[in-house]
Amino acid sequence: MTVSSEPKSEIASIIIPTLNEEANIERVIKSLYDQDYRPMEIVIVDGGSTDGTLNKAHDLQRKYSNESFVIKILRGVDFGKTLTPANLKNIGIEKSCGDYLIFLDADMFPLEKFFISKVVKALRNYPWVGVKIKTVIDTRIEKAIVAEGSAFYRDSPEYGKRKYCAIKRELVKKRAFDPSLGIYEDVDFFEDYLERKLRLKPFFIDALLGMHDVHTFKQFCRRERWYGRAILPYVLKRLKDSPKQYCIKVMIERIAPILLPFLALIFACLALTETSFYYMLVPILGLFLYRRIRFFKKIPAEYRTPDILLLLTVLGCIIRPVTYGFGLIEGLFGYLRGSIKLTRD
């Protein structure tokens, strides 16, 4: 394989936090090994995997690691008790040596061999680089989630892009990711800190990054429960550090999508036992159906099939409100006890 060699000061450090990623870790490492850029270091920081992630990573280290393609494997527990994705990234930053920091999840992988070269070339001139993304669909649930995202975000100028990708190391000299956040640490660092406070904007390049979403009902439930459980610290931080109008916007964006289906579900259950709730159920159901119809109209035509619409209804109107709502309750009780579990189950 022919690779483009760069001076040692041009090391690209790819930081990958992991938690039970045995099924994904080989794909991302192999796709990075096939890149045309050298020198690179891959820094895997594990958050306490109970599957074969670490064994697989060590096998890959023995297979692929060499002088110009270094694979480092770290365990988060060796650096303290905080195993949030944010702190795993901070550990990766501290233990990496490259001038350029590229952040990937284990379910992401470059779709072209020049991906890292393009990112590094852009980082020589810009402090912060974003890329294009493409979700690779394997299952029906994954397809439904892509359809949902297309409906919600396709009018955004950043749809199909990932701004939380790559920066120069100098941007983390004063602060890095907030380890007290279980989710949205990327939003907090890239948007709230770099974009809003430092007034930096990402420079998007024509480099394609592949990614996967959750594949099964179980994975979906675990993720939504985690999101609900970990949202409170993020909201409280916004209330403390940001203007009130911005905080309201954040809370609406992060919590409101599950609120109406949750209310409809609650009142439907109450109406089964108490007829007086019928009068409250009718307007809520009417508003709920109106919003669902509007939502279905926004879904791209290729996803607007009966099976996907049915799956979206089950996921968005039953499973998500229940699991996310349960997570919210867990997070609230954890906050009152002084300890919220911020890591994924």
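Is Asn 20 buried, exposed or partly exposed? Asn 20 is partly exposed, because its relative accessibility is 26%; the views below take up this residue and several others.

**View 1. The whole protein, for orientation.** Welcome to a predicted model, in which local features need pLDDT of at least 70, side-chain atom pairs count only at pLDDT 80 or more, and totals for chains, interfaces and linings use all residues. Residues are numbered from 1 along each chain as its sequence is written, and side-chain values use heavy atoms, with hydrogens and water left out. The secondary structure comes to 10 helices and 10 strands (DSSP runs numbered from the N terminus: H or I of at least four residues for helices, E of at least two for strands). Of the 345 residues, 49% are buried (buried is under 20% relative accessible area, exposed over 50%, partly exposed in between, with a 1.4 Å probe and protein chains only). The accessible surface comes to about 17,300 Å², and 58% of this belongs to carbon and sulfur atoms (Shrake-Rupley method with a 1.4 Å probe; for residues, only the protein chains shown count as cover). Among contacts between residues at least 6 apart in sequence, 81% join residues at least 24 apart (contact means heavy atoms within 4.5 Å).

View 2. Most residues other than glycine have a negative phi, and most peptide bonds are trans. Asn 20 has a positive phi of about 55° although it is not a glycine, and it sits in the loop between β2 (12-18) and α1 (25-33). Tyr 184, also not a glycine, has a positive phi of about 60°; look for Tyr 184 in the loop between β9 (161-168) and α6 (185-197). The peptide bond from Arg 38 to Pro 39 is cis, with omega near 5°, and Pro 39 belongs to the loop between β3 (37-38) and β4 (40-46).

**View 3. Glu 142 and its surroundings.** Glu 142 is part of helix α5 (residues 140-153) and counts as buried because its relative accessibility is 0%. Its side chain reaches the backbone nitrogen of Asp 213 at 2.8 Å, a polar contact (a pair of N or O atoms within 3.5 Å; within protein, one must be able to donate a hydrogen and the other to accept it, and residues adjacent in sequence count only if both atoms are side-chain atoms). Beyond neighbours within four places in sequence, Glu 142 is in contact with residues including Thr 135, Ile 137, His 212 and His 215. Phe 217 is 75 residues from Glu 142 in sequence, with 9.9 Å between their C-alpha atoms.

**View 4. Arg 162 in strand β9.** Arg 162 lies in β9 and is buried, because its relative accessibility is 11%. A polar atom of the Arg 162 side chain lies 3.4 Å from the backbone oxygen of Tyr 164. Not counting residues up to four places away in sequence, Arg 162 touches Phe 103, Asp 105, Asp 186 and Phe 204, among others.

**View 5. A nonpolar patch on the surface.** Leu 236, Leu 239, Ile 329, Leu 332, Phe 333, Tyr 335 and Leu 336 form this patch, with about 690 Å² of accessible area together. Two or more patch residues come from each of α7 (217-241) and α10 (306-337), and α10 gives the most, with five. Patches are made of residues with over 30% relative accessible area and no salt bridge, with like charges joined within 9 Å and nonpolar side chains (Val, Leu, Ile, Met, Phe, Trp, Tyr) within 5 Å; a salt bridge is a side-chain nitrogen of Lys or Arg within 4 Å of a carboxyl oxygen of Asp or Glu. Leu 336, in helix α10, is exposed because its relative accessible area is 62%.
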